[in-house]
Amino acid sequence: MASNRSDPERSYPRLHVEMRRLSDTAILVDGWLIENAKGMGRTVLRYCGSMDEVRAQISKCISKYGAHCGDEDIVIH
């Protein structure tokens, strides 16, 4: 079942992540902290590195802002 972005049970803040593979070893990642159900947010992560480095940066960002980040919040292009 698709998630409903206006669901009042949805937890905020959320970290929305978009990843792009630049080469076999480099991944570009952008992360936005979505602060409320109205979509108010800001860029909090811009990084380029290996998959392990990118995962570590995402984890740091989640911890720093106390954000939720589920599978539906990660988009891979």
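**Exercises: salt bridges in a predicted model**

The side chains of Asp73 and Arg14 form a salt bridge, with 2.7 Å from N to O. This is a predicted model, where local features need pLDDT of at least 70, side-chain atom pairs count only at pLDDT 80 or more, and totals for chains, interfaces and linings use all residues. Residues are numbered from 1 along each chain as its sequence is written, and side-chain values use heavy atoms, with hydrogens and water left out.

**Exercise 1.** Find out which parts of the chain Asp73 and Arg14 tie together.

*Solution.* Start with the rule: a salt bridge is a side-chain nitrogen of Lys or Arg within 4 Å of a carboxyl oxygen of Asp or Glu. Next, place the residues: Asp73 lies in the loop between helix H1 (51-65) and strand E4 (74-76), and Arg14 in strand E1 (residues 14-21), so the pair joins parts 59 residues apart in sequence. Helices (H or I, at least four residues) and strands (E, at least two) are DSSP runs, numbered from the N terminus. Finally, look at the cover: both Asp73 and Arg14 are buried. Buried means under 20% relative accessible area, exposed over 50%, partly exposed in between (1.4 Å probe, protein chains only).

**Exercise 2.** Work out which strands Asp30 and Arg46 link.

*Solution.* First, the closest N and O atoms of this salt bridge are 3.4 Å apart. Then, Asp30 sits in strand E2 (residues 27-34) and Arg46 in strand E3 (residues 41-49), so parts 16 residues apart in sequence are tied together. Last, Arg46 is exposed, at 63% relative accessibility.
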